[in-house]
Amino acid sequence: MFSDLKGKVVIITGAATGIGKAIAKRFAEEQCKVVINYFSEEENPRELLKEIEQGGGTASIIQGDVTKEEDVLAFVKFAQDTYGSLDIYVNNAGIENEVPTERLSLEDWNKVLNTNLTGTFLGCREAAEYMLKNNIKGSIINISSVHEIIPWPHFVHYAASKGGVKLLMESMALEFAPDGIRVNNIAPGAIDTPINAEKFSDPEKKKGVEKLIPLGYIGEPEQIASCAAFLASEQASYVTGTTLIADGGMTKYPGFQAGKG
Ligand code: NAD
């Protein structure tokens, strides 16, 4: 636990499910005031809210689409109106779909880029603007992916979006370092969340993914949430412009693990 997080106001996008949900719960445990952005009613964000409140935490929910500028502006206004500040902004919302590149439609390309890259840009911009205006030495965290590093055939739009988030983060970190605003990424490897539900329900595909992970198992959303809590905390006060890779070693060329190659 990171005691300096107590009372901090945090917005997390796409937080009704998966990694975002685990981050929301973790920040609530850290006694932050948590703004949970959810995308669709089917994701039942009220269950999460109830769970946090029953555990003694403080949270609110706001529906919105990170690709819409007015919605992102509304998240920040909501945090200000509800809790009087904004200290931490987590750009977590993201989507992917598998398509051979020669058949990738412009519509799919735009959808993934708009959500993963433009949505992250809007969140970063609005959070930075608020923090600058209010002299808050805040923390902005983007959930990118190991695919900000590893190329991914059939997911070129996803890889392009996450690669874009890497340089967006690094450039913003440089720009806002003089103001004490830290900007970092977390790059998860394979994590057990709804985005992978179909893939991991097939034992063969799951085994194939596990083979790519030196630690030998698929990660849990809580293992990413603890990285977010660390990066937001004072314990990471000298950390900016970096990607914290949480991938069980996936980016370290597992094919060489047995001394081959
Ligand atoms: P998930 O599908 O559970 O979470 C994605 C969330 O984003 C959902 O709640 C969804 O409703 C929300 N979302 C989608 N479009 C949105 C929009 N336009 N506006 C607001 N919210 C929107 O999957 P997850 O694994 O928890 O993914 C969270 C993040 O982690 C994503 O950015 C994903 O790319 C990244 N990631 C996941 C893994 C993994 O293995 N699970 C690995 C690397 C990176």
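The structure is a predicted model, in which local features need a pLDDT of at least 70 and side-chain atom pairs count only at pLDDT 80 or more, while totals for chains, interfaces and linings use all residues. Residues are numbered from 1 along each chain as its sequence is written, and side-chain values use heavy atoms, with hydrogens and water left out. Helices (H or I, at least four residues) and strands (E, at least two) are DSSP runs numbered from the N terminus. Throughout, buried means under 20% relative accessible area, exposed means over 50%, and partly exposed lies in between, with a 1.4 Å probe and protein chains only.

**Strands and their partners**

- Two strands are said to pair if DSSP finds at least two bridges between them, and strand 1 (residues 9-12) is joined in this way to strand 4 by three bridges, the two running parallel.
- Within that pairing, Ile-11 has Tyr-89 of strand 4 as its bridge partner.
- Strand 1 also pairs with strand 2 in the parallel sense, over four bridges, and here Val-10 stands opposite Val-34 of strand 2.

**Crossovers between strands**

- From strand 4 the chain passes through helix 4 (residues 106-133) to strand 5, and this β-α-β crossover is right-handed, a term that applies if, with the strands pointing away from the viewer, the path from the first strand over the helix to the second runs clockwise.
- Another right-handed β-α-β unit is made by strand 1, helix 1 (residues 18-29) and strand 2.

**Cysteines**

- The structure holds zero disulfides, where a disulfide is a pair of cysteine sulfur atoms within 2.5 Å.
- Cys-32 counts as buried because its relative accessibility is 1%, and Cys-227 counts as buried because its relative accessibility is 14%.

**The second largest pocket**

- The second largest pocket has a volume of about 260 Å³, a volume being the space filled by probe spheres set on grid points that are joined across faces, edges and corners.
- A pocket is found on a 1 Å grid over the protein atoms alone, as an open set of points with protein on both sides within 12 Å along at least five of seven lines, whereas a cavity is a set of points where a 1.4 Å probe fits but cannot get out; lining residues have an atom within 4 Å of a point.
- Of the 19 residues that line the second largest pocket, Lys-137, Gly-138, Gly-180, Arg-182 and Glu-234 are the closest to its centre.
- The lining divides into eight nonpolar, five polar and six charged residues, where Ala, Val, Leu, Ile, Met, Phe, Trp, Tyr, Cys and Pro count as nonpolar, Asp, Glu, Lys and Arg as charged, and the others, Gly among them, as polar.

**Single residues**

- Ser-139 lies in strand 5 and is buried, with a relative accessible area of 1%; its C-alpha atom is separated by 5.8 Å from that of Ile-181, 42 residues apart along the chain.
- Tyr-83 lies in helix 3 (residues 69-83) and counts as buried at 17% relative accessibility, and its C-alpha atom is separated by 42 Å from that of Pro-214, 131 residues apart along the chain.
- Asn-44, in the loop between strand 2 (33-38) and helix 2 (45-54), has a phi near 50°, a positive value in a residue other than glycine, and is partly exposed, with a relative accessible area of 40%.
- Asn-135, in the loop between helix 4 and strand 5, has a positive phi of about 55° although it is not a glycine, and counts as exposed at 62% relative accessibility.
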